[in-house]
Amino acid sequence: MAPLEPGPAPTEKAEQPEDLAEPLVETRGETPLVPSWPGPRSRLDEDGKPLPPEQLVFFVRHAESRWNAAQASLSAVGMLCENDHGLSEEGKHQAEALREKVRVAKEELSNAGTNQAAAPEDWERMLLDPDVVYSSPFTRALQTACIGLKELFPGSCELAIMREAREHKRLGGADSTGIACGEAIRDRVREEIRYLYEDEDGLDDSKAKASVKDFDEIQFDTSSVVEEWWGPLMGESQAEMEDNIQNLMDRLRRTKGRLANGGGAAILVGHSLMIRSIFQCFMKPGACADSATLRTKVIPCCGVVGVRIVWDEMGRPCIKDAMPMLGTVLAEPDFDDSKPRPPRGEGCVCGRGKVDQCVIS
């Protein structure tokens with residue numbers, strides 16, 4: 001992947017675009033990310049050609065991890081005994097269910113006689129024939145991509161690991177602390193997938209061998225994670241998280257594909273808070289029927305949401321449309337995000353708001 005070109009350093013802060021979302025005052029008791037625009041972003045690629053003004057991106061939240069399972073059972077040991085948790089047994093089933101949804105959807109399109117090239121306006125066809133699949137470097141996200149999206153890799157599409165797609169790093173954050181870099185990430189994920197499918201009695205290793213065989217057929221691009229890519233032990237500052245999410249959007253804009261304007265269809269397998277932050281920062285309240293949910297809730301494990309992102313002349317992104325895909329069911333919002341938020345005081349005992357907003361990564 002080509003390195004990002006930083007925009008010129010201006011002398012004063014650029015004016016905020018009208019379409020840019022106004023982040024919520026409170027979400028899980030955290031300060032919401034506010035995109036600060038230091039100046040014009042680069043509008044040219046590494047060859048000096050204009051970057052596409054529009055992209056189609058499909059966000060996929062990873063399947064349940066061992067950290068998620070430990071959190072649900074209130075097991076502090078399970079949450080803290082390891083870093084970069086892999087998928088749980090339930091997470092394996094969720095990823096397999098996603099793979100089946102993809103397989104059925106592709107079969108239905110084929111049976112309908114839709115073998116021609118995907119039309120840009122047909123989001124499902126673009127999802128099932130993406131130009132690139134990106135993933136967070138964390139094991140749980142890569143396992144989800146390799147298992148749940150395996151049907152999308154037989155062609156020329158590769159799995160590009162994107163350091164900017166990692167989950168936000170909080171203080172300590174065992175689930176948001178990495179272990180491996182570069183090609184060692186691939187080796188770690190391979191062993192985690194083998195472990196996930198091993199027979200408990202050790203008498204039948206056929207499923208483990210088949211899963212590893214499937215994994216070995218996938219091509220990886222690890223060029224953006226050759227050095228340490230996770231945040232510091234004390235967690236990332238607000239400014240660092242804001243900078244990372246800007247770099248992520250810049251990276252997405254560089255996708256090249258078959259959209260009329262030169263952009264492409266990209267799948268990004270990531271994390272609950274990272275995905276929600278993108279909607280909070282770049283989707284205007286009321287922009288679509290599900291904007292309140294997408295800006296205030298986390299999407300379910302293995303949930304898929306497609307978005308159309310448009311960049312203005314200053315290089316500032318705005319999510320214009322969003323739609324849940326492959327049967328993804330979103331939670332009901334607690335309130336209309338285009339109106340002032342109701343007073344706090346309800347929800348879980350940690351004081352961070354609603355219980356379901358406390359489920360992270």
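Buried residues are those with under 20% relative accessible area, exposed ones have over 50%, and partly exposed ones fall in between (1.4 Å probe, protein chains only). This is a predicted model, in which local features need pLDDT of at least 70 and side-chain atom pairs count only at pLDDT 80 or more, while totals for chains, interfaces and linings use all residues. Residues are numbered from 1 along each chain as its sequence is written, and side-chain values use heavy atoms, with hydrogens and water left out. Helices (H or I, at least four residues) and strands (E, at least two) are DSSP runs, numbered from the N terminus.

- Leaving aside residues up to four places away in sequence, Ile267 is in contact (heavy atoms within 4.5 Å) with residues including Phe58, Val60, Leu127, Tyr134 and Leu149.

- Strands count as paired if DSSP finds at least two bridges between them; strand 1 runs parallel to strand 5 and is joined to it by 6 bridges, with Phe59 standing opposite Leu268 in strand 5.
- Strand 2 (residues 132–135) also pairs with strand 5 in the parallel sense, over 4 bridges, and Val132 stands opposite Ala266 in strand 5.

- Helix 8 (residues 238–253) has 16 residues and reaches 23 Å from its first C-alpha to its last, close to the expected 22 Å, a span defined as 1.5 Å times one less than the number of residues.
- Helix 9 (residues 272–282) is mostly covered, with 11 of its 11 residues buried, and what covers them includes strand 1, helix 8, strand 5, helix 10 (291–296), strand 6 (304–311) and strand 7 (317–325).

**Rings and charges**

- The structure holds 5 aromatic pairs, in which rings of Phe, Tyr and Trp (its six-membered ring) have centres within 6.5 Å, with planes under 30 degrees apart counted as stacked, over 60 as edge-to-face and the rest as tilted.
- Phe59 and Phe279 form an edge-to-face pair, 5.9 Å centre to centre with 70 degrees between the planes; Phe59 lies in strand 1 and Phe279 in helix 9, so the pair ties together parts that are 220 residues apart in sequence.
- Both Phe59 and Phe279 are buried.
- Phe215 and Phe220 form a tilted pair, 5.4 Å centre to centre with 50 degrees between the planes, and both are buried.
- Ring pairs link Phe138, Trp229 and Trp230 into a cluster.
- A charge sits over a ring if NZ of Lys or CZ of Arg is within 6 Å of the ring centre and within 35 degrees of the ring normal; the charged end of Arg140 sits over the ring of Phe138, 4.8 Å from its centre, and Lys92 lies over the face of Tyr197, 4.9 Å from the ring centre.
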